[in-house]
Amino acid sequence: MADIIEITDFDAPQLDIYARLTENQLLNRHEPEKGIFIAESPKVIERALDAGYEPLSFLAEERLTRQEGETKELLERCVGIPVYAAKYELLTGLTGFGLTRGMLCAMRRPPLPSPGEVCRGAHRIAVLERVVNPTNVGAIIRSAAALGIDGVLLTSDCSNPLYRRAIRVSMGTVFQVPWTFFPEDWGWPEGGMQFLRDLGFATAAMALREDTVSIEDPHLLGEERLAVILGTEGDGLADGTIADCDYTVRIPMSHGVDSLNVAAASAVAFWQLCREGKKGEKESI
């Protein structure tokens, strides 16, 4: 049975982790083994549990803990984990609680896999360079999950996919698609690009350049292993990154539009560049 603890005071210390600690404090860079993240909504929490993430505590609307439904089902999976329950009127003092469908969960950040583990067996991966907006990171990973990308690698200056907003925007797909950061001491793009080359990946820079190939180019689509590289909001990829890539790829535009938001561009690129792999999977079934 769930261990339900009623909270009546917004300043209760049990709420610090949900209401008052910053993302960087939750991340705990000095002691990463103690890092925590917050998952919002029953569906997202369920995906995290299914992926093996460890819950530390729940915060739920009091009435939902007494009703049949997805909240009760989740709590029954986590016997012995404290469940802090409060009336909705108190919980609305928490930023964003109204978007959570009545439930938050604090979870332990697991050790990240190595880039080699993320790329093992992969045919299509995404590489994010300095994508600093957590909304964009979450949206890109959601597109990666939906459209056939096998894994995601991020440069060390990207926003963390386990930031609360990134998790929310991804709808929990950050728990389903393998991802990790390039080690800082590898250097980017030099060390990261060499790693990709050593694994046999061709590299495709998504960039607004005239000297590009079509996203429908048959040689590009026919690459056995392909890394799709996307750059920061606004400025896009660094010149040195583009120069190091095997292909520079541009999405054709209409009506004088010169570019798409990086998350929107990722969805278009993933759909097009994963299609050949999807066809092969369907034929083999």
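Gln-272 is found in helix α12, which spans residues 262–284. Helices (H or I, at least four residues) and strands (E, at least two) are DSSP runs numbered from the N terminus. The structure is a predicted model, in which local features need pLDDT of at least 70, side-chain atom pairs count only at pLDDT 80 or more, and totals for chains, interfaces and linings use all residues. Residues are numbered from 1 along each chain as its sequence is written, and side-chain values use heavy atoms, with hydrogens and water left out.

With a relative accessible area of 9%, Gln-272 is buried. Buried means under 20% relative accessible area, exposed over 50%, and partly exposed in between (1.4 Å probe, protein chains only). Not counting residues up to four places away in sequence, Gln-272 touches Ile-215, Glu-216 and Leu-221; contact means heavy atoms within 4.5 Å.

## Nonpolar cores

A nonpolar core is a set of buried Ala, Val, Leu, Ile, Met, Phe, Trp, Tyr and Cys residues joined through side-chain atoms within 4.5 Å. The largest one has 55 residues, and those with the most contacts inside it are Ile-45, Phe-58, Val-152, Phe-175 and Phe-270. Helix α12 provides the largest share of this core, seven residues. Apart from this core lies another, of 18 residues, among them Val-118, Leu-196, Ala-227 and Cys-245.

Leaving aside residues up to four places away in sequence, Phe-270 touches several residues, including Ala-126, Ile-140, Leu-147, Val-228 and Leu-230.

## Salt bridges

The whole structure holds 10 salt bridges, each a side-chain nitrogen of Lys or Arg within 4 Å of a carboxyl oxygen of Asp or Glu. In one of them, Glu-40 pairs with Arg-164, and the closest N and O atoms are 2.2 Å apart. Glu-40 lies in strand β2 (residues 36–40) and Arg-164 in helix α8 (residues 164–170), so the pair ties together parts that are 124 residues apart in sequence. Both Glu-40 and Arg-164 are buried.

A salt bridge also joins the side chains of Asp-50 and Arg-77 (3.0 Å, N to O). Because Asp-50 belongs to helix α3 (residues 42–50) and Arg-77 to helix α4 (residues 70–77), this pair ties together parts that are 27 residues apart in sequence. Asp-50 is exposed, with a relative accessible area of 55%, whereas Arg-77 is partly exposed, at 44%.
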